[in-house]
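Colleague: I want to go through the labels used for this model. Tell me what stands behind each one.

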Amino acid sequence: MSVIIGSRKDRTVSGAIAALAGKPTTLTPGAAIAILAEAAATAPDKVAGRRATTALAKVVSDHDEPQVRVAAAKGLGQVQSSTSVRALRKAADHAQDGQLVAAASAGLSNLGVRADVRRLRAASDRAEWPHAGVQAAASARMLAHRVGAAVDPADPAQELPGESAQVLPVTARLKTRIKPVELPVARKAATADLPWRSLVPDGAAAVGAFSCGDRTHVVLAGKDATKLLSAPGIAGTLLGVNESMGTTFVRWVVLTRPDGDGLAVTVTRPTGEVGFVGRGTIVDGVLSVTVDAVDTPGATAAHVTVSLAKGKLEVDGRTEKAITSPRRQPVPVPLQFDASGPGAARVG
Amino acid sequence: MASLRQRAACIGIATSPLSVRRDFMGQLTNSVPVSLKTQLDRLGSKFVHVNCIQVGSDQFTFNDAVEIDRAVAKTRDLYAGAGRSMGVGRIQHFGISTADAHGRDVINSDGEAETLTDEWTVPNDALDLFFVRMYVTATAGLSRVDGPCDKNAKGMDGSVVEMNAGGGVSDFATAHELGHYLGLSHRNDATALMNPTIPNGGVITTSEADNMRDHCRMKNPC
(Lines give C-alpha, C1' and ligand atoms only; values in the text may rest on other atoms or scores of the structure.)
Protein backbone atom coordinates (compact mmCIF):
# COMPACT_ATOMS: atom_id res chain seq x y z
CA MET A 1 0.00 0.00 0.00
CA SER A 2 1.04 3.56 -0.52
CA VAL A 3 0.39 7.15 0.40
CA ILE A 4 -0.23 10.11 -1.90
CA ILE A 5 1.54 13.41 -1.32
CA GLY A 6 0.30 16.89 -2.21
CA SER A 7 -2.92 18.83 -2.59
CA ARG A 8 -5.04 18.52 -5.70
CA LYS A 9 -4.20 22.13 -6.55
CA ASP A 10 -0.48 21.45 -6.54
CA ARG A 11 -0.63 18.13 -8.34
CA THR A 12 -0.42 19.80 -11.76
CA VAL A 13 2.40 20.48 -14.20
CA SER A 14 2.58 24.08 -12.99
CA GLY A 15 2.57 22.99 -9.35
CA ALA A 16 5.32 20.46 -9.99
CA ILE A 17 7.48 22.98 -11.84
CA ALA A 18 7.00 25.43 -8.98
CA ALA A 19 7.97 22.79 -6.43
CA LEU A 20 11.16 21.94 -8.29
CA ALA A 21 11.99 25.64 -8.51
CA GLY A 22 11.95 25.74 -4.72
CA LYS A 23 8.63 27.56 -4.37
CA PRO A 24 6.41 26.56 -1.43
CA THR A 25 3.98 23.81 -2.42
CA THR A 26 2.66 20.62 -0.83
CA LEU A 27 4.76 18.46 -3.15
CA THR A 28 8.02 16.69 -2.46
CA PRO A 29 10.58 16.75 -5.30
CA GLY A 30 9.86 13.07 -5.89
CA ALA A 31 6.14 13.69 -6.23
CA ALA A 32 6.79 16.69 -8.49
CA ILE A 33 9.00 14.70 -10.83
CA ALA A 34 6.49 11.86 -10.95
CA ILE A 35 3.74 14.32 -11.92
CA LEU A 36 5.87 15.81 -14.71
CA ALA A 37 6.91 12.38 -15.96
CA GLU A 38 3.33 11.16 -16.09
CA ALA A 39 2.10 14.30 -17.86
CA ALA A 40 4.93 14.09 -20.37
CA ALA A 41 4.65 10.35 -20.96
CA THR A 42 0.91 10.25 -21.43
CA ALA A 43 0.67 13.28 -23.71
CA PRO A 44 4.12 14.11 -25.08
CA ASP A 45 2.72 16.13 -27.99
CA LYS A 46 0.37 18.32 -25.99
CA VAL A 47 1.39 21.65 -24.53
CA ALA A 48 1.43 20.38 -20.95
CA GLY A 49 3.41 17.30 -21.96
CA ARG A 50 6.02 19.32 -23.84
CA ARG A 51 6.29 21.76 -20.94
CA ALA A 52 6.77 18.88 -18.53
CA THR A 53 9.44 17.26 -20.71
CA THR A 54 11.36 20.51 -21.05
CA ALA A 55 11.16 21.06 -17.30
CA LEU A 56 12.49 17.58 -16.58
CA ALA A 57 15.35 18.01 -19.04
CA LYS A 58 16.25 21.30 -17.37
CA VAL A 59 16.23 19.67 -13.95
CA VAL A 60 18.57 16.92 -15.19
CA SER A 61 21.12 19.47 -16.33
CA ASP A 62 20.69 22.33 -13.89
CA HIS A 63 19.18 21.37 -10.55
CA ASP A 64 21.33 21.95 -7.48
CA GLU A 65 20.51 18.64 -5.79
CA PRO A 66 22.27 15.63 -7.34
CA GLN A 67 19.55 13.22 -6.24
CA VAL A 68 16.87 15.41 -7.84
CA ARG A 69 18.84 15.37 -11.11
CA VAL A 70 18.98 11.58 -10.89
CA ALA A 71 15.26 11.37 -10.17
CA ALA A 72 14.51 13.65 -13.14
CA ALA A 73 16.62 11.42 -15.38
CA LYS A 74 14.58 8.46 -14.18
CA GLY A 75 11.45 10.46 -14.95
CA LEU A 76 12.66 11.35 -18.43
CA GLY A 77 13.27 7.68 -19.08
CA GLN A 78 9.50 7.28 -19.26
CA VAL A 79 8.95 9.96 -21.90
CA GLN A 80 9.13 8.98 -25.56
CA SER A 81 10.21 12.26 -27.16
CA SER A 82 13.22 13.69 -28.92
CA THR A 83 13.83 16.11 -26.06
CA SER A 84 14.00 13.36 -23.46
CA VAL A 85 16.20 11.07 -25.56
CA ARG A 86 18.57 13.95 -26.29
CA ALA A 87 18.84 14.84 -22.60
CA LEU A 88 19.47 11.24 -21.59
CA ARG A 89 22.11 10.73 -24.28
CA LYS A 90 23.88 13.86 -23.11
CA ALA A 91 23.86 12.63 -19.52
CA ALA A 92 25.02 9.13 -20.47
CA ASP A 93 27.84 10.57 -22.59
CA HIS A 94 29.06 13.43 -20.46
CA ALA A 95 27.76 13.40 -16.89
CA GLN A 96 30.42 13.26 -14.18
CA ASP A 97 27.97 11.94 -11.60
CA GLY A 98 27.93 8.13 -11.79
CA GLN A 99 24.41 7.96 -10.43
CA LEU A 100 23.21 10.23 -13.21
CA VAL A 101 24.98 8.09 -15.81
CA ALA A 102 23.28 5.00 -14.34
CA ALA A 103 19.84 6.63 -14.38
CA ALA A 104 20.26 7.98 -17.90
CA SER A 105 21.44 4.58 -19.09
CA ALA A 106 18.39 2.85 -17.63
CA GLY A 107 16.22 5.45 -19.36
CA LEU A 108 17.88 4.81 -22.69
CA SER A 109 17.15 1.10 -22.39
CA ASN A 110 13.49 2.20 -22.61
CA LEU A 111 13.75 4.91 -25.21
CA GLY A 112 16.90 4.30 -27.18
CA VAL A 113 17.37 2.98 -30.69
CA ARG A 114 19.80 0.39 -32.03
CA ALA A 115 22.66 2.92 -32.17
CA ASP A 116 22.31 3.53 -28.45
CA VAL A 117 23.43 -0.02 -27.68
CA ARG A 118 26.94 0.99 -28.68
CA ARG A 119 26.59 4.30 -26.82
CA LEU A 120 25.66 2.48 -23.62
CA ARG A 121 28.50 -0.01 -23.95
CA ALA A 122 30.89 2.92 -24.34
CA ALA A 123 29.35 4.60 -21.29
CA SER A 124 29.94 1.38 -19.38
CA ASP A 125 33.60 1.27 -20.41
CA ARG A 126 34.04 4.92 -19.48
CA ALA A 127 32.28 4.86 -16.13
CA GLU A 128 34.44 5.34 -13.07
CA TRP A 129 31.75 4.53 -10.52
CA PRO A 130 31.27 0.73 -10.56
CA HIS A 131 27.48 0.76 -10.46
CA ALA A 132 27.33 3.21 -13.36
CA GLY A 133 29.40 0.79 -15.44
CA VAL A 134 27.25 -2.16 -14.44
CA GLN A 135 23.99 -0.30 -15.08
CA ALA A 136 25.11 1.04 -18.46
CA ALA A 137 26.16 -2.45 -19.57
CA ALA A 138 22.89 -3.94 -18.30
CA SER A 139 20.94 -1.20 -20.07
CA ALA A 140 22.80 -1.92 -23.32
CA ARG A 141 21.80 -5.55 -23.01
CA MET A 142 18.14 -4.73 -22.19
CA LEU A 143 18.05 -2.35 -25.15
CA ALA A 144 19.57 -5.00 -27.42
CA HIS A 145 16.69 -7.31 -26.56
CA ARG A 146 14.14 -4.53 -27.02
CA VAL A 147 15.36 -3.60 -30.51
CA GLY A 148 16.53 -7.06 -31.61
CA ALA A 149 20.25 -6.21 -31.77
CA ALA A 150 22.93 -8.88 -31.56
CA VAL A 151 23.97 -10.24 -28.16
CA ASP A 152 27.26 -12.13 -27.84
CA PRO A 153 26.95 -14.68 -25.01
CA ALA A 154 30.72 -15.20 -25.06
CA ASP A 155 31.40 -11.55 -24.22
CA PRO A 156 31.45 -11.13 -20.43
CA ALA A 157 30.83 -7.40 -20.87
CA GLN A 158 27.40 -8.21 -22.27
CA GLU A 159 26.45 -10.50 -19.40
CA LEU A 160 23.77 -9.29 -17.01
CA PRO A 161 24.46 -9.14 -13.26
CA GLY A 162 23.86 -12.63 -11.86
CA GLU A 163 23.40 -14.29 -15.24
CA SER A 164 26.21 -16.79 -14.64
CA ALA A 165 25.39 -17.31 -10.96
CA GLN A 166 24.78 -20.82 -9.73
CA VAL A 167 21.27 -22.19 -10.23
CA LEU A 168 19.46 -23.00 -6.97
CA PRO A 169 18.01 -26.53 -6.94
CA VAL A 170 14.69 -27.05 -5.16
CA THR A 171 15.74 -29.49 -2.46
CA ALA A 172 13.95 -28.43 0.70
CA ARG A 173 11.32 -30.65 2.25
CA LEU A 174 8.81 -27.79 2.37
CA LYS A 175 7.80 -26.73 -1.10
CA THR A 176 4.95 -24.84 -2.68
CA ARG A 177 3.44 -25.62 -6.02
CA ILE A 178 3.57 -22.84 -8.57
CA LYS A 179 0.15 -22.80 -10.17
CA PRO A 180 -2.15 -20.66 -12.30
CA VAL A 181 -4.57 -18.37 -10.46
CA GLU A 182 -7.27 -15.90 -11.44
CA LEU A 183 -6.07 -12.49 -12.60
CA PRO A 184 -5.94 -10.27 -9.48
CA VAL A 185 -6.95 -7.20 -11.50
CA ALA A 186 -9.16 -6.57 -14.51
CA ARG A 187 -7.46 -7.73 -17.70
CA LYS A 188 -7.37 -4.19 -19.13
CA ALA A 189 -5.86 -2.84 -15.91
CA ALA A 190 -2.96 -5.27 -16.11
CA THR A 191 -0.46 -2.91 -17.68
CA ALA A 192 3.17 -2.05 -17.04
CA ASP A 193 3.89 1.01 -14.93
CA LEU A 194 5.23 3.98 -16.84
CA PRO A 195 8.94 3.58 -16.05
CA TRP A 196 9.15 0.21 -17.74
CA ARG A 197 6.34 0.27 -20.29
CA SER A 198 8.83 -0.02 -23.14
CA LEU A 199 10.00 -3.39 -21.86
CA VAL A 200 6.63 -4.94 -22.66
CA PRO A 201 6.54 -6.72 -26.03
CA ASP A 202 4.57 -5.01 -28.80
CA GLY A 203 0.90 -5.86 -28.69
CA ALA A 204 1.29 -7.74 -25.41
CA ALA A 205 -1.73 -8.47 -23.28
CA ALA A 206 -2.42 -10.20 -19.98
CA VAL A 207 -2.63 -13.92 -20.66
CA GLY A 208 -3.04 -15.09 -17.06
CA ALA A 209 -1.50 -15.11 -13.62
CA PHE A 210 0.24 -17.58 -11.36
CA SER A 211 1.10 -17.79 -7.70
CA CYS A 212 4.57 -18.45 -6.38
CA GLY A 213 4.58 -18.55 -2.59
CA ASP A 214 2.60 -15.55 -1.40
CA ARG A 215 3.23 -13.58 -4.57
CA THR A 216 1.02 -13.39 -7.62
CA HIS A 217 2.57 -12.65 -11.00
CA VAL A 218 0.46 -11.32 -13.85
CA VAL A 219 1.83 -12.46 -17.21
CA LEU A 220 1.91 -10.13 -20.20
CA ALA A 221 2.98 -11.85 -23.40
CA GLY A 222 3.43 -10.77 -26.99
CA LYS A 223 1.27 -12.16 -29.77
CA ASP A 224 3.96 -13.51 -32.04
CA ALA A 225 6.52 -15.70 -30.29
CA THR A 226 8.03 -17.13 -33.48
CA LYS A 227 10.05 -13.99 -34.15
CA LEU A 228 12.00 -14.75 -30.97
CA LEU A 229 13.74 -17.53 -32.92
CA SER A 230 15.45 -15.06 -35.22
CA ALA A 231 16.83 -12.35 -32.89
CA PRO A 232 17.15 -11.41 -29.22
CA GLY A 233 13.80 -10.28 -27.90
CA ILE A 234 11.44 -9.94 -24.99
CA ALA A 235 8.97 -12.79 -24.65
CA GLY A 236 6.92 -11.32 -21.85
CA THR A 237 6.73 -9.35 -18.66
CA LEU A 238 5.61 -10.37 -15.18
CA LEU A 239 3.71 -7.78 -13.17
CA GLY A 240 3.16 -7.37 -9.45
CA VAL A 241 0.13 -5.62 -7.96
CA ASN A 242 0.04 -2.63 -5.62
CA GLU A 243 -2.85 -3.76 -3.43
CA SER A 244 -4.15 -0.35 -2.40
CA MET A 245 -3.93 1.50 -5.66
CA GLY A 246 -5.01 -1.41 -7.83
CA THR A 247 -2.08 -0.59 -10.07
CA THR A 248 0.39 -3.04 -11.52
CA PHE A 249 4.12 -2.73 -11.87
CA VAL A 250 6.82 -4.56 -13.79
CA ARG A 251 8.51 -7.14 -11.58
CA TRP A 252 10.34 -9.33 -14.10
CA VAL A 253 11.18 -9.15 -17.80
CA VAL A 254 11.63 -12.36 -19.81
CA LEU A 255 14.55 -11.93 -22.22
CA THR A 256 15.30 -14.46 -24.93
CA ARG A 257 17.95 -14.98 -27.55
CA PRO A 258 18.20 -17.72 -30.20
CA ASP A 259 20.39 -20.57 -29.00
CA GLY A 260 20.77 -23.78 -31.02
CA ASP A 261 17.32 -25.03 -31.92
CA GLY A 262 15.70 -23.17 -29.06
CA LEU A 263 16.02 -20.10 -26.88
CA ALA A 264 18.30 -19.06 -24.05
CA VAL A 265 16.04 -17.43 -21.47
CA THR A 266 17.03 -14.90 -18.82
CA VAL A 267 14.46 -13.41 -16.44
CA THR A 268 15.59 -10.08 -15.05
CA ARG A 269 14.46 -7.11 -13.01
CA PRO A 270 13.72 -4.18 -15.32
CA THR A 271 17.04 -2.72 -14.17
CA GLY A 272 18.84 -5.83 -15.39
CA GLU A 273 19.55 -7.97 -12.30
CA VAL A 274 18.95 -11.61 -13.14
CA GLY A 275 16.57 -13.76 -11.10
CA PHE A 276 16.10 -16.86 -13.26
CA VAL A 277 17.77 -18.55 -16.21
CA GLY A 278 16.71 -21.42 -18.42
CA ARG A 279 15.73 -22.61 -21.86
CA GLY A 280 12.78 -22.27 -24.15
CA THR A 281 11.34 -23.80 -27.27
CA ILE A 282 8.83 -22.76 -29.87
CA VAL A 283 7.15 -25.71 -31.52
CA ASP A 284 4.04 -25.32 -33.66
CA GLY A 285 3.59 -21.83 -32.31
CA VAL A 286 3.66 -23.00 -28.67
CA LEU A 287 6.19 -21.14 -26.55
CA SER A 288 7.46 -23.22 -23.65
CA VAL A 289 9.97 -21.90 -21.12
CA THR A 290 11.60 -23.64 -18.15
CA VAL A 291 13.66 -21.59 -15.72
CA ASP A 292 15.40 -21.98 -12.36
CA ALA A 293 16.19 -19.31 -9.79
CA VAL A 294 19.80 -18.21 -9.54
CA ASP A 295 21.80 -17.57 -6.40
CA THR A 296 21.32 -13.89 -5.61
CA PRO A 297 20.63 -12.18 -2.27
CA GLY A 298 17.12 -13.01 -1.06
CA ALA A 299 16.46 -15.55 -3.81
CA THR A 300 14.28 -18.60 -3.30
CA ALA A 301 14.93 -21.81 -5.18
CA ALA A 302 12.25 -22.32 -7.80
CA HIS A 303 11.82 -24.47 -10.88
CA VAL A 304 9.00 -23.41 -13.16
CA THR A 305 7.71 -24.25 -16.61
CA VAL A 306 5.43 -21.88 -18.48
CA SER A 307 3.71 -22.70 -21.76
CA LEU A 308 1.77 -20.35 -23.92
CA ALA A 309 -0.37 -21.48 -26.83
CA LYS A 310 -2.88 -19.22 -28.55
CA GLY A 311 -3.05 -16.89 -25.58
CA LYS A 312 -3.64 -19.70 -23.10
CA LEU A 313 -1.18 -19.90 -20.21
CA GLU A 314 -0.14 -23.10 -18.47
CA VAL A 315 2.18 -23.01 -15.47
CA ASP A 316 3.66 -25.68 -13.26
CA GLY A 317 6.60 -25.89 -10.90
CA ARG A 318 7.84 -25.92 -7.35
CA THR A 319 9.37 -23.33 -5.08
CA GLU A 320 10.79 -23.63 -1.59
CA LYS A 321 8.79 -21.96 1.16
CA ALA A 322 11.68 -20.07 2.70
CA ILE A 323 14.32 -18.01 0.98
CA THR A 324 17.36 -20.02 -0.07
CA SER A 325 20.04 -17.34 -0.37
CA PRO A 326 20.41 -15.00 2.60
CA ARG A 327 19.44 -11.39 2.10
CA ARG A 328 22.08 -8.70 2.36
CA GLN A 329 22.44 -6.96 5.71
CA PRO A 330 22.65 -3.20 6.16
CA VAL A 331 25.42 -2.11 8.49
CA PRO A 332 24.72 -0.42 11.81
CA VAL A 333 25.01 3.33 11.44
CA PRO A 334 27.55 4.74 13.86
CA LEU A 335 26.97 8.13 15.37
CA GLN A 336 26.90 10.03 12.08
CA PHE A 337 26.78 13.58 13.23
CA ASP A 338 27.53 15.75 16.17
CA ALA A 339 24.06 15.21 17.62
CA SER A 340 23.76 18.76 18.86
CA GLY A 341 23.93 20.64 15.61
CA PRO A 342 24.57 20.82 11.90
CA GLY A 343 28.32 20.74 12.25
CA ALA A 344 28.01 17.33 10.57
CA ALA A 345 31.03 15.96 12.36
CA ARG A 346 31.18 12.51 10.86
CA VAL A 347 32.68 10.16 13.39
CA GLY A 348 32.17 6.79 11.77
CA MET B 1 7.17 2.68 37.77
CA ALA B 2 9.77 0.46 36.08
CA SER B 3 13.26 1.85 35.93
CA LEU B 4 15.07 2.94 32.80
CA ARG B 5 17.41 -0.04 33.02
CA GLN B 6 14.51 -2.47 33.43
CA ARG B 7 12.76 -1.00 30.41
CA ALA B 8 15.98 -0.97 28.38
CA ALA B 9 16.60 -4.62 29.18
CA CYS B 10 12.98 -5.38 28.27
CA ILE B 11 13.36 -3.93 24.77
CA GLY B 12 16.72 -5.60 24.23
CA ILE B 13 19.10 -2.69 24.65
CA ALA B 14 22.42 -3.10 26.39
CA THR B 15 22.20 -1.26 29.68
CA SER B 16 25.86 -0.47 30.02
CA PRO B 17 26.87 1.86 28.60
CA LEU B 18 23.46 3.36 27.90
CA SER B 19 22.84 6.64 26.11
CA VAL B 20 19.26 7.59 26.87
CA ARG B 21 18.70 9.66 23.75
CA ARG B 22 20.65 7.57 21.28
CA ASP B 23 20.14 4.03 22.58
CA PHE B 24 16.90 4.12 24.54
CA MET B 25 14.99 6.72 22.52
CA GLY B 26 16.65 5.83 19.20
CA GLN B 27 17.33 9.47 18.29
CA LEU B 28 20.16 10.43 15.94
CA THR B 29 20.24 14.09 17.00
CA ASN B 30 19.34 16.31 19.94
CA SER B 31 16.99 18.38 17.80
CA VAL B 32 13.62 16.75 18.47
CA PRO B 33 12.13 17.13 21.95
CA VAL B 34 11.54 13.77 23.61
CA SER B 35 10.32 12.76 27.04
CA LEU B 36 11.96 9.86 28.80
CA LYS B 37 9.09 9.53 31.28
CA THR B 38 6.54 9.35 28.44
CA GLN B 39 8.51 6.66 26.66
CA LEU B 40 8.89 4.65 29.88
CA ASP B 41 5.09 4.85 30.30
CA ARG B 42 4.39 3.91 26.68
CA LEU B 43 6.39 0.71 27.02
CA GLY B 44 3.66 -0.38 29.42
CA SER B 45 1.52 -0.96 26.31
CA LYS B 46 2.16 -3.28 23.40
CA PHE B 47 4.92 -2.00 21.12
CA VAL B 48 6.86 -2.71 17.95
CA HIS B 49 10.60 -2.52 17.35
CA VAL B 50 11.78 -0.75 14.18
CA ASN B 51 15.01 -0.85 12.17
CA CYS B 52 15.48 2.50 10.41
CA ILE B 53 17.55 1.75 7.30
CA GLN B 54 19.04 4.69 5.42
CA VAL B 55 19.33 3.82 1.73
CA GLY B 56 22.23 5.80 0.30
CA SER B 57 23.39 6.47 3.86
CA ASP B 58 26.46 8.44 2.78
CA GLN B 59 24.12 11.07 1.31
CA PHE B 60 22.17 11.58 4.52
CA THR B 61 22.73 14.96 6.11
CA PHE B 62 22.16 16.28 9.58
CA ASN B 63 18.76 17.60 8.45
CA ASP B 64 17.85 14.14 7.20
CA ALA B 65 18.79 12.70 10.59
CA VAL B 66 16.49 15.25 12.21
CA GLU B 67 13.76 14.20 9.78
CA ILE B 68 14.15 10.56 10.81
CA ASP B 69 14.04 11.58 14.47
CA ARG B 70 10.84 13.51 13.80
CA ALA B 71 9.33 10.54 11.98
CA VAL B 72 10.07 8.27 14.93
CA ALA B 73 8.72 10.79 17.45
CA LYS B 74 5.57 11.42 15.40
CA THR B 75 4.91 7.70 14.97
CA ARG B 76 5.30 7.22 18.71
CA ASP B 77 2.83 10.05 19.39
CA LEU B 78 0.24 8.85 16.86
CA TYR B 79 0.43 5.24 18.05
CA ALA B 80 0.22 6.29 21.70
CA GLY B 81 -2.85 8.38 20.87
CA ALA B 82 -4.62 5.51 19.14
CA GLY B 83 -7.99 4.26 20.36
CA ARG B 84 -5.98 1.72 22.30
CA SER B 85 -2.47 2.85 23.06
CA MET B 86 0.60 1.29 21.46
CA GLY B 87 4.28 2.09 21.56
CA VAL B 88 7.36 2.03 19.42
CA GLY B 89 10.07 0.20 21.36
CA ARG B 90 13.64 -0.21 20.20
CA ILE B 91 14.79 1.97 17.32
CA GLN B 92 18.06 1.00 15.69
CA HIS B 93 19.72 2.69 12.75
CA PHE B 94 21.34 0.97 9.78
CA GLY B 95 22.70 2.08 6.46
CA ILE B 96 23.10 0.91 2.89
CA SER B 97 25.75 2.91 1.10
CA THR B 98 24.95 4.57 -2.21
CA ALA B 99 27.38 2.19 -3.89
CA ASP B 100 25.63 -0.85 -2.44
CA ALA B 101 22.13 0.51 -3.06
CA HIS B 102 22.57 0.03 -6.85
CA GLY B 103 20.47 3.07 -7.67
CA ARG B 104 17.66 2.22 -5.25
CA ASP B 105 18.28 5.28 -3.13
CA VAL B 106 16.11 7.00 -5.76
CA ILE B 107 13.22 4.69 -6.55
CA ASN B 108 10.94 5.16 -9.50
CA SER B 109 8.61 2.20 -9.33
CA ASP B 110 6.92 0.00 -6.77
CA GLY B 111 8.92 -2.87 -8.27
CA GLU B 112 12.17 -1.26 -7.18
CA ALA B 113 10.81 -0.81 -3.65
CA GLU B 114 9.85 -4.46 -3.56
CA THR B 115 13.29 -5.46 -4.84
CA LEU B 116 14.96 -3.39 -2.14
CA THR B 117 13.12 -5.27 0.60
CA ASP B 118 13.71 -8.59 -1.17
CA GLU B 119 17.47 -8.06 -1.14
CA TRP B 120 18.05 -6.50 2.26
CA THR B 121 17.01 -7.16 5.82
CA VAL B 122 18.24 -6.81 9.37
CA PRO B 123 18.09 -10.25 10.97
CA ASN B 124 16.33 -9.37 14.21
CA ASP B 125 12.79 -9.11 15.59
CA ALA B 126 12.15 -5.56 14.40
CA LEU B 127 10.23 -4.24 11.43
CA ASP B 128 12.50 -3.07 8.60
CA LEU B 129 11.77 0.51 7.54
CA PHE B 130 13.76 1.68 4.51
CA PHE B 131 14.23 5.43 4.09
CA VAL B 132 14.98 6.10 0.42
CA ARG B 133 16.20 9.48 -0.81
CA MET B 134 13.32 9.87 -3.28
CA TYR B 135 10.31 7.82 -4.33
CA VAL B 136 9.49 9.03 -7.82
CA THR B 137 5.96 7.75 -8.35
CA ALA B 138 2.48 9.04 -7.64
CA THR B 139 2.96 7.81 -4.08
CA ALA B 140 5.59 8.21 -1.38
CA GLY B 141 6.08 4.76 0.00
CA LEU B 142 5.11 1.13 -0.16
CA SER B 143 4.30 -1.56 2.34
CA ARG B 144 2.55 -4.87 2.47
CA VAL B 145 -0.70 -5.01 4.39
CA ASP B 146 -0.34 -7.32 7.37
CA GLY B 147 3.26 -8.10 6.51
CA PRO B 148 5.05 -11.27 7.61
CA CYS B 149 7.22 -11.69 10.70
CA ASP B 150 9.48 -14.45 9.45
CA LYS B 151 12.35 -12.74 7.66
CA ASN B 152 13.28 -16.03 6.04
CA ALA B 153 9.87 -16.31 4.42
CA LYS B 154 9.33 -15.24 0.85
CA GLY B 155 7.73 -11.93 0.09
CA MET B 156 8.07 -8.25 0.88
CA ASP B 157 8.99 -7.99 4.54
CA GLY B 158 9.71 -4.32 5.01
CA SER B 159 8.23 -0.88 4.46
CA VAL B 160 9.69 1.80 2.21
CA VAL B 161 9.28 5.53 2.82
CA GLU B 162 10.56 8.57 0.95
CA MET B 163 12.76 10.99 2.83
CA ASN B 164 11.65 14.57 2.61
CA ALA B 165 14.08 16.62 4.60
CA GLY B 166 12.34 19.57 6.21
CA GLY B 167 8.96 18.95 4.61
CA GLY B 168 7.31 17.22 7.52
CA VAL B 169 5.72 14.61 5.30
CA SER B 170 7.87 11.57 5.97
CA ASP B 171 6.70 11.49 9.59
CA PHE B 172 3.10 10.80 8.50
CA ALA B 173 4.31 8.48 5.76
CA THR B 174 6.32 6.49 8.31
CA ALA B 175 3.38 6.03 10.68
CA HIS B 176 1.10 5.25 7.71
CA GLU B 177 3.33 2.64 6.06
CA LEU B 178 4.12 0.94 9.37
CA GLY B 179 0.34 0.94 9.95
CA HIS B 180 -0.07 -1.02 6.73
CA TYR B 181 2.56 -3.51 7.73
CA LEU B 182 0.86 -3.99 11.07
CA GLY B 183 -2.43 -4.84 9.37
CA LEU B 184 -4.26 -1.66 8.41
CA SER B 185 -5.82 -0.88 5.03
CA HIS B 186 -6.73 2.51 3.61
CA ARG B 187 -9.68 4.45 5.01
CA ASN B 188 -11.31 7.43 3.30
CA ASP B 189 -11.97 9.47 6.43
CA ALA B 190 -9.81 12.61 6.16
CA THR B 191 -8.98 12.45 9.86
CA ALA B 192 -7.61 8.93 9.60
CA LEU B 193 -3.92 8.10 9.58
CA MET B 194 -4.77 5.50 6.98
CA ASN B 195 -6.32 8.05 4.62
CA PRO B 196 -4.21 7.60 1.49
CA THR B 197 -3.32 11.29 1.31
CA ILE B 198 -0.85 12.80 3.75
CA PRO B 199 -0.54 14.80 5.90
CA ASN B 200 -3.88 13.77 7.39
CA GLY B 201 -5.57 13.76 10.78
CA GLY B 202 -3.45 10.88 12.02
CA VAL B 203 -6.31 9.15 13.88
CA ILE B 204 -6.11 5.44 14.62
CA THR B 205 -9.43 4.04 15.83
CA THR B 206 -9.84 1.48 18.58
CA SER B 207 -10.63 -1.29 16.11
CA GLU B 208 -7.60 -0.36 14.00
CA ALA B 209 -5.45 -0.33 17.12
CA ASP B 210 -6.77 -3.75 18.11
CA ASN B 211 -5.87 -4.99 14.65
CA MET B 212 -2.34 -3.62 14.95
CA ARG B 213 -1.88 -4.92 18.48
CA ASP B 214 -2.69 -8.43 17.26
CA HIS B 215 0.11 -8.34 14.68
CA CYS B 216 2.89 -10.86 15.21
CA ARG B 217 5.51 -8.07 15.27
CA MET B 218 3.90 -6.53 18.36
CA LYS B 219 5.66 -7.20 21.65
CA ASN B 220 3.94 -7.62 24.98
CA PRO B 221 4.14 -4.72 27.43
CA CYS B 222 7.25 -4.49 29.55
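Modeller: Start with the element names: helices and strands are DSSP runs, numbered from the N terminus. The model itself is predicted.

Colleague: Which elements of chain A each supply at least two residues of the lining of the second largest pocket?

Modeller: Helix H8 (130-147) does, and so do strands E3 (205-212), E5 (233-242), E9 (286-293) and E10 (302-309). About 680 Å³ of space lies in that pocket. Its lining has 34 residues, and the closest to the centre are A:Pro201, A:Gly222, A:Lys223, A:Asp224 and A:Lys227.

Colleague: How do you know which domains of chain A the lining draws on?

Modeller: The domain assignment gives domain 1 (13-153) and domain 2 (175-320). Each contributes at least three residues to the lining. The C-alpha centres of the two domains lie 26 Å apart. Their contact takes 18 residues from domain 1 and 19 residues from domain 2.

Colleague: What classes make up the lining of the second largest pocket?

Modeller: There are 17 nonpolar, 9 polar and 8 charged residues. Gly counts as polar here.

Colleague: Why is B:His93 called buried?

Modeller: Buried means under 20% relative accessible area. B:His93 has 5% relative accessibility, so B:His93 counts as buried. This residue is found in strand E2 (residues 87-96) of chain B. Beyond its neighbours within four places in sequence, B:His93 is in contact with residues including A:Val331, A:Pro332, A:Val333 and B:Cys52.

Colleague: What makes the pair of B:His93 and B:Gly26 close enough for a polar contact?

Modeller: The cut-off is 3.5 Å between N or O atoms. A polar atom of the B:His93 side chain lies 2.7 Å from the backbone oxygen of B:Gly26. That distance is within the cut-off.

Terms used. Residues are numbered from 1 along each chain as its sequence is written. Chains are lettered from A and ligands numbered from 1 in the order in which they are written. This is a predicted model: local features need pLDDT of at least 70, side-chain atom pairs count only at pLDDT 80 or more; totals for chains, interfaces and linings use all residues. Side-chain values use heavy atoms; hydrogens and water are left out. On a 1 Å grid over the protein atoms alone, a cavity is a set of points where a 1.4 Å probe fits but cannot get out, and a pocket is an open set with protein on both sides within 12 Å along at least five of seven lines; lining residues have an atom within 4 Å of a point. Grid points are joined across faces, edges and corners, and a volume is the space filled by probe spheres set on the points. Helices (H or I, at least four residues) and strands (E, at least two) are DSSP runs, numbered from the N terminus. Domain bounds come from an automatic or database domain assignment. Buried means under 20% relative accessible area, exposed over 50%, partly exposed in between (1.4 Å probe, protein chains only). A polar contact is a pair of N or O atoms within 3.5 Å; within protein, one must be able to donate a hydrogen and the other to accept it, and residues adjacent in sequence count only if both atoms are side-chain atoms. Contact means heavy atoms within 4.5 Å.
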